[in-house]
Amino acid sequence: MPDQNDALRRKWNRRHAENQAPPQAARVLCENRHLLPAVGDALDLACGLGGNSLLLAEAGMRVAAWDLSPVAIARLRGQARPGIRAEVRDVIAAPPVAKSFDVIVVSYFLHRPLLPALVEALRPDGLLFYETFGPRIVGIGPEKAGFRLRRSELPGLLLDLIPCYYREDGAAGDLSEGFRDRVMLVGQRLAACSYE
Ligand SMILES: C[S@@+](CC[C@H](N)C(=O)[O-])C[C@H]1O[C@@H](n2cnc3c(N)ncnc32)[C@H](O)[C@@H]1O
């Protein structure tokens, strides 16, 4: 579907070109940085301007940063940070191969059919950090339901991972506080023998 992809690429190129804010790592990664291995290979999938990549490289990991947008990738390359290989790549057409990463980070990119390939792409003991929009309650993020997870949906899509961390504040309590309209998960793929 080249036409659809061209339109998507143009949309994201424009957004990334206009965004002058410094790249920021996702909260799920900042709050759970202590779970990262000391060394290894990490993938920042649909990396945008690469906030997650910068944190992962600073933490000592070798980082692959993939995004459809040449503008985003050019800006990340422009930072010339050692340890980061930034690549223009359609992650739906070319997902990561099996057992190729120790850590995969996905923030604010949701394509449900890709999730099994991401789990497969983790090496034994590998970690998936995921953060994206959940049910819309206070009005943060896109209106389109297709761009958001349903209530409690993400753990059910990642049953092959052991959940290390999950947060979905939903509509509980004081809506002016908390982590609203978004979901964070860290899951670990255990080595086969660890399941026993
Ligand atoms: C909302 S941004 C999130 C960027 C970054 N992960 C973050 O949290 O700042 C979504 C990103 O997904 C990228 N994207 C959309 N479809 C893609 C695809 N098929 N393959 C690779 N990247 C894609 C866009 O170019 C955009 O940079």
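Me: Why is isoleucine 140 called partly exposed?
Reply: Its relative accessibility is 32%. Buried means under 20% relative accessible area, exposed over 50%, and partly exposed in between (1.4 Å probe, protein chains only). So isoleucine 140 counts as partly exposed. This is a predicted model, where local features need pLDDT of at least 70 and side-chain atom pairs count only at pLDDT 80 or more, while totals for chains, interfaces and linings use all residues. Residues are numbered from 1 along each chain as its sequence is written, and side-chain values use heavy atoms, with hydrogens and water left out.

Me: What makes aspartate 6 and arginine 9 a salt bridge?
Reply: A salt bridge needs a side-chain nitrogen of Lys or Arg within 4 Å of a carboxyl oxygen of Asp or Glu. Here the N to O distance is 3.2 Å, so the pair qualifies.

Me: How do you know which class arginine 189 falls in, buried or exposed?
Reply: Its relative accessibility is 16%. That is under 20%, so arginine 189 counts as buried. Its side chain meets that of glutamate 120 in a salt bridge, at 3.6 Å from N to O. Glutamate 120, at 39%, is partly exposed.

Me: Why is glutamate 58 put in its class of accessibility?
Reply: Glutamate 58 has 60% relative accessibility. The value is over 50%, so glutamate 58 counts as exposed. Glutamate 58 also forms a salt bridge with arginine 33, the closest N and O atoms being 3.3 Å apart.
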